[in-house]
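These are my notebook entries on a structure that I looked up.

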Amino acid sequence: MSLTNKPKYIKEPTDLQCGQAVLAMLTDKTVEEIIKECGTDRETTLSQMKAVLTLNGIDFINERKEAKNKSDLPEVAMLSLETPRCWHWSLYFDGTFYDPEHGVLKDFPNSNRKFYWEIKKIG
């Protein structure tokens with residue numbers, strides 16, 4: 001499997017599966033398949049997220065960067081956001097935010113701090 005050409009929005013099945021939903025959108029897999037690959041149906045760690053990306057042949061820059069606004073983001077990015085209630089995984093892809101909790105958005109969901117890892121897009 002490799003990076004999707006265009007993500008299909010996936011709502012997180014539970015409040016604890018935003019990471020699995022982001023990975024499913026990036027790989028065109030189901031959340032259930034991603035749960036098997038990362039080994040948890042609960043919160044995902046950064047190391048689990050990176051392991052699933054690597055397992056699926058998705059290249060990324062292994063450096064956390066901070067974003068102040070949308071213009072700071074690369075074409076594709078895995079986001080870690082400090083939302084009012086928790087830390088949360090989200091996806092940015094070609095100008096659109098695919099947020100497992102908040103839907104398809106034109107800008108970041110409400111968050112105090114925003115970090116990202118660039119996903120390398122081929123082609």
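**Entry 1. Conventions.** I took helices (H or I, at least four residues) and strands (E, at least two) as DSSP runs, numbered from the N terminus. The model is predicted, so I noted that local features need pLDDT of at least 70, that side-chain atom pairs count only at pLDDT 80 or more, and that totals for chains, interfaces and linings use all residues. Residues are numbered from 1 along each chain as its sequence is written, and side-chain values use heavy atoms, with hydrogens and water left out.

**Entry 2. Helix H3.** I looked up the end of H3 and found that Gly57, with a positive phi near 70°, follows this helix. In H3, which covers residues 46–55, I found Met49, Lys50, Val52 and Leu53 buried. Viewed down the axis of H3, these buried residues fall within an arc of 160°, so they line one face of the helix; the arc is that of the directions from the helix axis to the C-beta atoms. Ser47, Thr54 and Leu55 are exposed on the other side of H3.

I then asked which elements the buried residues of H3 pack against. They are helix H1 (18–27), helix H2 (31–38), strand S2 (76–82), strand S3 (87–93) and strand S6 (113–118). Contact here means heavy atoms within 4.5 Å.

**Entry 3. Helix H2.** I listed Val31, Ile34 and Cys38 as the buried residues of H2. Seen down the axis of H2, they fall within an arc of 60°, so they line one face of the helix. The face turned away from the buried side of H2 carries the exposed residues Glu32 and Lys36. I found the buried residues of H2 packed against H1 and H3. Gly39 follows H2 and has a positive phi, near 80°.

**Entry 4. H1 against H2.** Two packed helices are described by the angle between their axes and the distance between the axes. For H1 and H2 I noted an angle of about 110°, with the axes 9 Å apart. Axes are lines fitted to C-alpha atoms, for helices over the stretch in contact, and angles run from 0 to 180 degrees between N-to-C directions. H1 and H2 are therefore roughly perpendicular to each other; angles under 35 degrees count as roughly parallel, over 145 as roughly antiparallel, 65 to 115 as roughly perpendicular and the rest as oblique. The contact involves Gln20, Ala21, Leu23, Ala24 and Thr27 from H1, and Val31, Ile34, Ile35 and Cys38 from H2.

**Entry 5. The sheet.** I asked in what order the strands stand in the sheet. The 6 strands form an open sheet in the order S1-S6-S2-S3-S4-S5, with antiparallel pairing. Strand S1 (65–66) and strand S5 (103–105) stand at the edges, each with a single partner strand, so one side of each has no neighbour in the sheet. I counted two strands as paired if DSSP finds at least two bridges between them.

S2 and S3 pair in the antiparallel sense over 7 bridges, and Val76 stands opposite Phe93 in S3. H3 packs on the sheet, touching S2, S3 and S6, and its direction makes about 165° with that of S2. A hairpin of 4 residues joins S2 to S3. S2 and S6 run antiparallel and are joined by 6 bridges; Leu79 has Tyr116 in S6 as its bridge partner. Of the 7 residues of S2, 6 are buried, so this strand is largely enclosed by the rest of the structure.

**Entry 6. Leu91.** I placed Leu91 in strand S3, where it is the bridge partner of Met78. Leu91 is buried, with a relative accessible area of 0%. Leu91 and Leu26 are 65 residues apart in sequence, yet 8.2 Å apart in space, C-alpha to C-alpha.

Entry 7. Most residues other than glycine have a negative phi. Asp28 has a positive phi of about 60°; Asp28 lies in the loop between H1 and H2 and is partly exposed, at 37% relative accessible area. Asp94 has a phi near 50°; Asp94 lies in the loop between S3 and S4 and is partly exposed, at 38%.

Notes
Buried means under 20% relative accessible area, exposed over 50%, partly exposed in between (1.4 Å probe, protein chains only).
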